[in-house]
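Hi everyone, thanks for making time this morning. I'd like to walk you through a structure that may be new to you, so please settle in and have a look.

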Amino acid sequence: MSRGVDLRVVELSKSFGSKRVLQDLNLEIKPGEFVAIVGRSGCGKSTLLRLISGLDRPTSGGILVDGEPVKQLNPAVRMMFQDARLLLWQRVLHNVGLGLRGNWKPKAQQALEQVGLVDRAHDWIAVLSGGQRQRVALARALVSEPRLLLLDEPLGALDALTRIEMQRLVETIWQDQQFTTLLITHDVEEAVTLGDRVVLLEAGQIALNLAVPLPRPRHRGDPAFAALVEQILHRILSRETVQSQPSPSESVLVYSD
Amino acid sequence: MENTLRIPSSRTAFIQRVLRGSYLKVLAPWGIPLLLILIWQILVQSGVISTRVLPSPASVVQAGIQLASTGELFHHVRVSALRALIGFAIGGSIGFILGLLNGTFSISERLLDTSVQMLRNIPHLAMIPLVILWFGIGEEAKIFLVSIGILFPIYINTFHGIRTVEPGLLEMGRVYGLKPIELFWQIVLPSALPSILIGVRYALGIMWLTLIVAETIANDAGIGYMAMNAREFLQTDVVVFSILMYALLGKMADAIARWLEARLLQWHPSYQEG
């Protein structure tokens, strides 16, 4: 009974001038699935997210959301950015209600409750900490009950403790609301903590597509967790050797280049 | 023993405040002007400065009281303030609209910006002879000059404010379903506002400057007329008083601009206490 979208990326390519950022990328995401995308900077992660959101047009190939090709910005899709991108001249509640119409205040209030900031509803953004700002941004994304949530490294700039807190919050809300989620991150541990699957993007292509079969909530101390992180990190750091000798295990699905 | 040491609480509070320096902080900015006036009075009274060169502060105050009692002062101030206001409204609107257009649409920027920049580099006071030829020496000439003076600072700061809106915020607005007109009201205009208000403050300074020059050309009313008229009759005290009136009005305009900033930019980190 998931209300998340079914997402299919088909033969997707994107070039900026002569530079190919994404090359014939294929990816399928089931409704309600949480997929974490990792990769070095410049591997095309953010471009992929922008294409899925409809902010950019692909050079070739396409994206299907519930079988419909993405042609413009979709109201069922919400995005969170690395910088919270809040409106400093609006108080917290109005930031959460951005773009809502009709009687939006109770909804915004409720979204703030979900992220635990209901007592800050009437504060200015400037007085909030970095973590609180991202929670407001999360509330803003949740308030319209999105069916696809795109997270573009939203936790990247937070300190370690706040980050773990936010990861738990995102996980809880995702489990509760079952929207499809795509998380971009540099942090392999974060990817393994949150993702049903971890997808490694390398030079515009999928280099690794790995299911994470661990029960939630996941613990960093767990040996299976550590092994997965190690496996992914190893794959990222030693690109050449692994590419010549792919070693698929049970949980590893290497998509052809 | 303890009871005898107790001081009435209001007095304690006063002493504490003096010690913490909050009264001093309020009074400190006025210290130097007061000292200067005192020295001025002493110099004039002792005859070091001739009263024809510079009247004593006391006689300037007296001239002010005299002018106020006949109602002449208020008439001239009203005339000057009205000129300033009308000029500000006209020049400010044109500058603001041009800034909005050129900041928002690149076609309009390509068409207009170069021309505006060329006009901006002509000192507007250099146009006085031309303005007199066009409008004569009536109200229009003064209002025109004030408008021109105000137009450019408002234009440049509005343009700059709109150009420096964070692209990330606009992108966010689009993802969150804002229509173009909503993007403008909710994101573009508020984020350009600090810059626009800087333009307003700058324009206010130019407004008084222009008015002072324009009012001394040829006139039948206004603070400038009051000063020029007094000059003919060698009433140095009235001349000095007129100059002080300009200072006072300028300070008032600046205070209004500050108040506007504090109200409109409540959200801005530099306007928040604590």
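Predicted model: local features only at pLDDT ≥ 70, side-chain atom pairs only at ≥ 80, totals over all residues.

Let's begin with chain A. Its domain assignment gives domain 1, made of residues 7-76 + 150-253, and domain 2, covering 84-145. Going by C-alpha atoms, the centres of domain 1 and domain 2 of chain A are 26 Å apart. Where these two domains of chain A meet, domain 1 puts in 9 residues and domain 2 puts in 7 residues. And what is the side of domain 1 of chain A that touches domain 2 of chain A made of? There we find 7 nonpolar residues, 1 polar and 1 charged.

Now over to chain B. Here the assignment gives domain 1 as 2-45 and domain 2 as 57-271. Between the centres of domain 1 and domain 2 of chain B, again over C-alpha atoms, there are 36 Å.

Finally, the two chains together. On the chain B side, 15 residues are in contact with 17 residues of chain A. Which helices of chain B each supply at least two residues of the side that touches chain A? Those are α9, residues 167-175, and α10, residues 180-217. The largest share of that side of chain B comes from α9(B), with 6 residues. By type, the side of chain B that touches chain A holds 9 nonpolar, 4 polar and 2 charged residues.

That's my tour, and I'm happy to go back to any part of it.

Definitions and conventions
Residues numbered from 1 in each chain as written. Chains lettered and ligands numbered in written order. Domains from an automatic or database assignment. Helix = DSSP H or I, 4+ residues; strand = E, 2+ residues; numbered from the N terminus. Nonpolar A, V, L, I, M, F, W, Y, C, P; charged D, E, K, R; others polar.
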